[in-house]
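Dear colleague,

Please find below the sequence and the structure that I am handing over to you. My notes on it follow directly after.

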Amino acid sequence: MGDEIGIQVSGAIPMKSISTMDKDFGFQLAIVSNTASGNYWKFGMEYQHKTFDYKKGQLPYEYYNGNIGYFLQALSNHRKSVLVYVGISGVAGYEVFNKNTALLQDGATLKNTSGFVYGGNATLSLETYLSNRWVLFGFSEITYLPKSGLSKWRSQFGIGTRIFIN
């Protein structure tokens, strides 16, 4: 390991999700660069979709972001086939409430407005090497977005895979 580049794909479910996975979900796509010390950099993009019940309908929420983070190897077994990483990332993105429509179906006005958000997140990841070039992982993540119209703190958990290309 060291100076390897990988492509990472993962799916996530927001915690405190009241809907099924077809309504509340997230996807991440990232490029990962391993360092010689066994840590890695992650450069990613994420899409998250949530729905909220409102009277007899649903209000959609979408969140798009880019993130850059560094992950430190916290624990591993002797063979380095199972590893635990902790990471911290900077996040910047855009959130969209009710498809940018403030007027609701009953004539009420939604006060949450779409806009740019920024912040950071902390991640705990359990990773296992299925081969020299293929990693399977599970993660839990908490994000802080101080200017979000939805909530400043949010969390999610998910699973993903990473394939090294060099």
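I begin with strand β8, where Q156 is the bridge partner of P14. This is a predicted model, in which local features need pLDDT of at least 70 and side-chain atom pairs count only at pLDDT 80 or more, while totals for chains, interfaces and linings use all residues. Residues are numbered from 1 along each chain as its sequence is written, and side-chain values use heavy atoms, with hydrogens and water left out.

Strand β8 and its partners

Strands here are DSSP runs of E with at least two residues, numbered from the N terminus, and two strands pair if DSSP finds at least two bridges between them. Strand β1 (residues 5-14) runs antiparallel to β8 and is joined to it by nine bridges. Strand β7 (residues 134-144) is also antiparallel to β8, with eleven bridges between the two. Within β8, R154 has T143 opposite.

In a regular strand the side chains alternate between the two faces of the sheet. Buried means under 20% relative accessible area, exposed means over 50%, and partly exposed lies in between (1.4 Å probe, protein chains only).

Charged residues

A salt bridge is taken as a side-chain nitrogen of Lys or Arg within 4 Å of a carboxyl oxygen of Asp or Glu. By this rule there are two salt bridges. In one of them, the side chains of R154 and E95 meet at 3.7 Å, N to O.

The side chains of R162 and E127 form a salt bridge at 3.1 Å, N to O. This pair links distant parts of the chain, with R162 in strand β8 and E127 in strand β6, 35 residues apart. R162 and E127 are both buried.

The two arginines also sit over aromatic rings. A charge counts as over a ring if NZ of Lys or CZ of Arg is within 6 Å of the ring centre and within 35 degrees of the ring normal. R154 lies over the face of Y63, 5.1 Å from the ring centre. The charged end of R162 is over the ring of Y40, at 4.7 Å from its centre.

Aromatic pairs

Rings of Phe, Tyr and Trp (its six-membered ring) pair if their centres lie within 6.5 Å; planes under 30 degrees apart count as stacked, over 60 as edge-to-face and the rest as tilted. The whole structure contains twelve aromatic pairs. In one of them, the ring centres of Y47 and Y64 are 5.2 Å apart and the planes stand at 50°, so the pair is tilted. It links distant parts of the chain, Y47 being in strand β3 (residues 40-54) and Y64 in strand β4 (residues 57-76), 17 residues apart. Y47 is partly exposed, at 21% relative accessible area, and Y64 is partly exposed at 38%. The rings of F137 and F139 have centres 6.1 Å apart and planes at 40°, so that pair is tilted. F137 is buried at 5% relative accessibility, and F139 is buried at 7%. Ring pairs also join F25, F27, Y47 and Y64 into a cluster.

Nonpolar cores

A nonpolar core is a set of buried Ala, Val, Leu, Ile, Met, Phe, Trp, Tyr and Cys residues joined through side-chain atoms within 4.5 Å. The largest one has ten residues: Y54, L59, Y61, Y63, V91, F97, L104, L110, V117 and L145. Strands β4 and β5 are the elements that give two or more residues to this core, and β4 gives the most, with three. A second, separate core of eight residues includes Y40, F71, V135 and F164.

Backbone

K80 has a positive phi of about 60° although it is not a glycine. K80 is in the loop between β4 and β5 (82-97) and is partly exposed, at 38% relative accessible area. N98, another residue other than glycine, has a positive phi near 50°. N98 is found in the loop between β5 and β6 (115-131) and counts as buried at 13% relative accessibility.

With kind regards

Note on methods:
Helices (H or I, at least four residues) and strands (E, at least two) are DSSP runs, numbered from the N terminus.
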